[in-house]
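Biologist: I'm new to this one. Can you put it up and walk me through it?

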Amino acid sequence: MRVDGTWFRTIWLKDESTVQIIDQRHLPHDFVVEDIRSVEEMCMAIKDMHLRGAGLIGCAAAYGMYLACLRSLPCTKAEAKEHLAICAQRLLATRPTAVNLRVGVERVQAVLDKLLGGSEVDREALQLAAREEAKKVTDEDASFCEHIGEAGAKILEEIHRKKAKLAEPVNVLTHCNAGWLAFADWGSALSPVYVAHNRGLPIHVWVDETRPRNQGASLTAWELAKHGVPHTVIADNAGGHLMRRGLVDVVITGADRVTRQGDACNKIGTYLKALAAKDNEIPFYVALPSSTIDWQMKDGAEIPIEQRGDEEVKYAEGLGEDGKRRKVLLTPAASPAGNWAFDVTPARLLTGLITERGLADSSEEGLRKLFPEVKLA
C-alpha cells in the first residue's frame, strides 16, 4: 500500500535487531511506525493489538521467534530448546483464535529444531535461519493474498457483467478489516476489490463500522481511501436493510480460522451478515490464504473464541474538535459488558471460499480438491 508516496508492507525488518510495524491503534488519524526489539515486545504488540489480522499475526509471530534468537542463547542444546519453547508458548498465548499465529511460530520453530540437532549451538546459524524463515512466511502471505485478489476479481467481474447497467458499480459489503493492514500486503477480502479497481471495474464498498473496536470504520475506510476506492461507512446493523433494498451485490469477508469442512470464524457479527445474505439470496464469500485453514479441526464449534476486556465495549475513542484523542464512557459505569471477539459462520451459509489457488466449495471435499497434498495426522 502506498502511503504519502511511500510503499509500505505492514511488517518489515529495519535492521538485524529491529522489526518495524505500523501501529494500527493510531489509525486513521496518525500513521505511526513502531520498533519491536524483543519477543516480549512482540507479544505485547500482538496481544494489545498494535497489529492485528490473521495473516499479519502469523508474520509477527514468525518474527517474534526470530527476535527470540537474538537473545544470548544458552550454551547447551537442551537449554536453547527450552528457551525457544518458552518464547513460542508466550507468543501462542497472546491470541487464541487465529490459526496463522500457530503456523508462524511452528514454521520457524521447525527450522530451528533441525539446526539444534547438531552437537553445538551455532547462534549465528540459528539467527540467520529464523530470519530467513520469518521473511519467507511474510513473503508467502503477501503472494497468497495477491493471488486471492486475482481469483476474487473474476467473481466481481462476472457480477458486473450481469448488471443491467454496466456503469453501475458492483456493491461489495465487507465486515471488519481484511485488507492490507490485516496481512503482509494486499489483504484477503479487500484484495479482489483492489485488483478489480486497478483494472477499471466500477466498485463501491459498504464498510461495516465493526464494533467494538471499529476496525471497519477506522482501518478499512482508511485503506480504501488511500487506494481511491469509493466506499461508505455504515452502522453494523445496516447491512440487512441494504440487502433487502437491493443495494448489495456480494458480501466478502476474511477469516481468522476455517475448519476443514468450511466453517469460518471471523470478527463478531459476521454470522449475522451471512444469515441476512442467505435470506436475500446474495452471494457470501470468505477470502483466506491456506495458512488460515485448520486441517486438524472439523467442526467450527471447536474453535476457541477470544473474549476481550469489557472496556472495549463500554468506551469509545476518537478525536475531539481540538484534534486531541479522547476516550468516552458509553454505558452506565456499573454495567458489565460482554466482549466476544469472533463468531463462527457455518459452511452451509457460504457461497464459496476464495483462496490463493482459486475458488473452493465451502466443504471438506471442496477444500481437498484445491489442496490434495494435505495429509491429516
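Biologist: Which residues are exposed on the other side of α9?
Modeller: L272, K278 and D279 are exposed there. Exposed means over 50% relative accessible area, buried under 20%, and partly exposed in between, with a 1.4 Å probe and protein chains only. This is a predicted model, where local features need pLDDT of at least 70, side-chain atom pairs count only at pLDDT 80 or more, and totals for chains, interfaces and linings use all residues. Residues are numbered from 1 along each chain as its sequence is written, and side-chain values use heavy atoms, with hydrogens and water left out.

Biologist: And which ones in α9 are buried?
Modeller: T270, K273, A274, A276 and A277, in a helix that runs over residues 270–279. They share one side of α9 because they cover an arc of only 165° around the axis. The arc is taken from the directions from the helix axis to the C-beta atoms. Helices (H or I, at least four residues) and strands (E, at least two) are DSSP runs, numbered from the N terminus.

Biologist: What comes just after α9?
Modeller: E281, with a positive phi of about 55°. E281 is not a glycine. It sits in the loop between α9 and β12 (284–287).

Biologist: Is E281 buried or exposed?
Modeller: Exposed, at 76% relative accessibility.

Biologist: What about phi at N214?
Modeller: Positive too, about 55°, and N214 is not a glycine either. N214 lies in the loop between β7 and α7. It is partly exposed, with a relative accessible area of 21%.

Biologist: Which residue does a cis peptide bond join to P212?
Modeller: R211, with omega about 5°. P212 is in the loop between β7 (203–208) and α7 (215–227). Another cis bond joins L27 and P28, with omega about 10°. P28 is in the loop between β4 (18–22) and β5 (33–36).

Biologist: New topic. At what angle do α2 and α3 pack?
Modeller: About 150°, with axes 10 Å apart. α2 spans residues 54–70 and α3 spans 77–92. Axes are lines fitted to C-alpha atoms over the stretch in contact, and angles run from 0 to 180 degrees between N-to-C directions. The two helices are therefore roughly antiparallel, a label for angles over 145 degrees.

Biologist: Which residues make the contact?
Modeller: A61, G64, M65, A68 and C69 of α2, with H83, L84, C87, A88 and L91 of α3. Contact means heavy atoms within 4.5 Å.

Terms used: Parallel < 35°, antiparallel > 145°, perpendicular 65-115°, else oblique.
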